[in-house]
Amino acid sequence: KREDGIAIIDANRNQLERVLRDSSDPEQVALSVNGESLYVASEDTGKGIAIDVATGRVRGSVEVGGQPEGVAVHPRRNIVYFTSEVGNSVAVSDATRLRVLSTVAVGQRPRDIAVAPDGSRAYVSGESDASLVVLDGNTDAVITKLTVPGGGARPKGVVLSSDGKRLYVSTGRGGEIVAYDTQSMSVLGFVKVGARPWGLALSPDGHTLYVANGPSDDVSVVTTDPLHVEATVKVGKRPWGVAVLPVK
């Protein structure tokens with residue numbers, strides 16, 4: 001437990017700046033639109049935590065349901081979403097006052113959430129029932145609930161293209177990535193990647209998808225149109241997530 005923390009790394013120099021130690025078992029994090037607050041899903045405490053980036057101090061916390069994992073900031077409303085794996089729900093929290101405004105029932109064991117760039121929709125993966133729930137980004141109501149296709153699909157990561165028109169979902173034990181058209185929510189295609197794909201990241205132009213494959217200790221580099229694996233890169237043990245930084 002003493003190793004729990006969030007590392008801040010200078011991406012230009014590839015150097016560790018500091019480690020924030022005041023969040024227990026941090027699962028996922030999301031930055032506020034202005035970059036001043038970091039929101040953390042603290043899995044073992046069942047809390048959403050807000051950290052002031054400049055000082056590294058905890059600004060506050062809120063109970064968001066058992067085993068929170070996914071977290072996402074709405075780009076237009078002053079709210080932050082936290083998924084609760086135990087509660088099969090999403091807590092909609094006021095980003096400033098850190099109080100839950102509503103709790104929305106979604107699929108079973110929700111693992112991740114992504115919000116459209118214009119804030120119109122939010123997408124939640126449900127691992128245990130292979131679900132994909134679409135929320136209205138203005139009212140937080142459930143618009144539709146889909147079943148992610150594929151043998152053994154246990155959806156984990158979700159990521160949107162910068163224009164919000166495409167959604168990519170990793171299927172965990174299903175070993176595939178599923179691409180959706182967000183206008184119709186129809187499946188655009190599938191691609192087989194490494195073992196148990198988890199975290200996803202898209203290049204800024206949307207042409208390349210990076211997939212962290214835990215048990216196979218690698219990252220799949222996937223061309224998005226058409227969907228195919230361009231390369232497989234060996235990395236460290238059990239890669240859980242991946243991020244893409246724009247080149248300055």
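This is a walk through one protein structure, stop by stop, with something to select at each.

Before you click anything, keep in mind that you are looking at a predicted model.

**Stop 1: a hairpin**

Select residues 6-10 and then residues 15-20. These are strand 1 and strand 2, and they run antiparallel, joined by five bridges. Together, strand 1 and strand 2 make a hairpin, with four residues sitting between them. Pick out asparagine 14 in the turn: its phi is positive, about 55°.

Stay here and select Ile9, Leu16 and Val19. These form a nonpolar patch on the surface, and together they have about 270 Å² of accessible area. Zoom in on leucine 16, which belongs to strand 2. Is leucine 16 buried or exposed? It counts as exposed, because its relative accessibility is 56% and the cut-off for exposed is over 50%.

**Stop 2: a glycine on the inside**

Next, go to residues 68-73, which make up strand 7, and click glycine 70. You won't find any of its surface open: glycine 70 is buried, with a relative accessible area of 0%.

Now try the distance tool on glycine 70 and glutamate 27. They are 43 residues apart along the chain, yet their C-alpha atoms are separated by 7.5 Å.

**Stop 3**

For a landmark, click valine 133, which stands opposite lysine 145 in strand 14.

**Stop 3: salt bridges**

Side chains of opposite charge can pair when their charged atoms come close. How many salt bridges does a search of the whole structure find? The count is eleven, and here are a few to visit.

Start with glutamate 69 and arginine 111. Their closest N and O atoms are 3.0 Å apart in a salt bridge. Glutamate 69 is in strand 7 and arginine 111 in strand 11, so this pair ties together parts that are 42 residues apart in sequence. Both partners are tucked away: glutamate 69 is buried at a relative accessible area of 1%, and arginine 111 is buried at 9%.

Next, select aspartate 140 and arginine 77, another salt bridge, with closest N and O atoms 2.9 Å apart. Look at where they sit: aspartate 140 is in the loop between strand 13 and strand 14, and arginine 77 is in the loop between strand 7 and strand 8 (79-84), so the pair ties together parts 63 residues apart in sequence. Aspartate 140 counts as buried at 6% relative accessibility, whereas arginine 77 is partly exposed at 25%.

Then click arginine 109 and glutamate 127, whose side chains meet in a salt bridge at 2.4 Å, N to O. They link distant parts of the chain, 18 residues apart: arginine 109 is in the loop between strand 10 (100-105) and strand 11, and glutamate 127 is in the loop between strand 12 (121-126) and strand 13. Arginine 109 is partly exposed, with a relative accessible area of 28%, while glutamate 127 counts as buried at 5%.

To finish this stop, select Glu69, Glu85, Arg109, Arg111, Glu127 and Lys156 together. A network of salt bridges links them.

**Stop 4: a threonine in strand 20**

For the last stop, jump to residues 208-213, strand 20, and click threonine 208. Is threonine 208 buried or exposed? At 18% relative accessibility it counts as buried, because the cut-off for buried is under 20%. Now show what it touches, not counting residues up to four places away in sequence: threonine 208 meets Ala201, Leu202, Ser203, Val221, Val222 and Thr224.

Note on methods: Residues are numbered from 1 along each chain as its sequence is written. This is a predicted model: local features need pLDDT of at least 70, side-chain atom pairs count only at pLDDT 80 or more; totals for chains, interfaces and linings use all residues. Side-chain values use heavy atoms; hydrogens and water are left out. Helices (H or I, at least four residues) and strands (E, at least two) are DSSP runs, numbered from the N terminus. Buried means under 20% relative accessible area, exposed over 50%, partly exposed in between (1.4 Å probe, protein chains only). Two strands pair if DSSP finds at least two bridges between them. Patches are made of residues with over 30% relative accessible area and no salt bridge: like charges are joined within 9 Å, nonpolar side chains (Val, Leu, Ile, Met, Phe, Trp, Tyr) within 5 Å. Accessible areas come from the Shrake-Rupley method with a 1.4 Å probe; for residues, only the protein chains shown count as cover. A salt bridge is a side-chain nitrogen of Lys or Arg within 4 Å of a carboxyl oxygen of Asp or Glu. Contact means heavy atoms within 4.5 Å.
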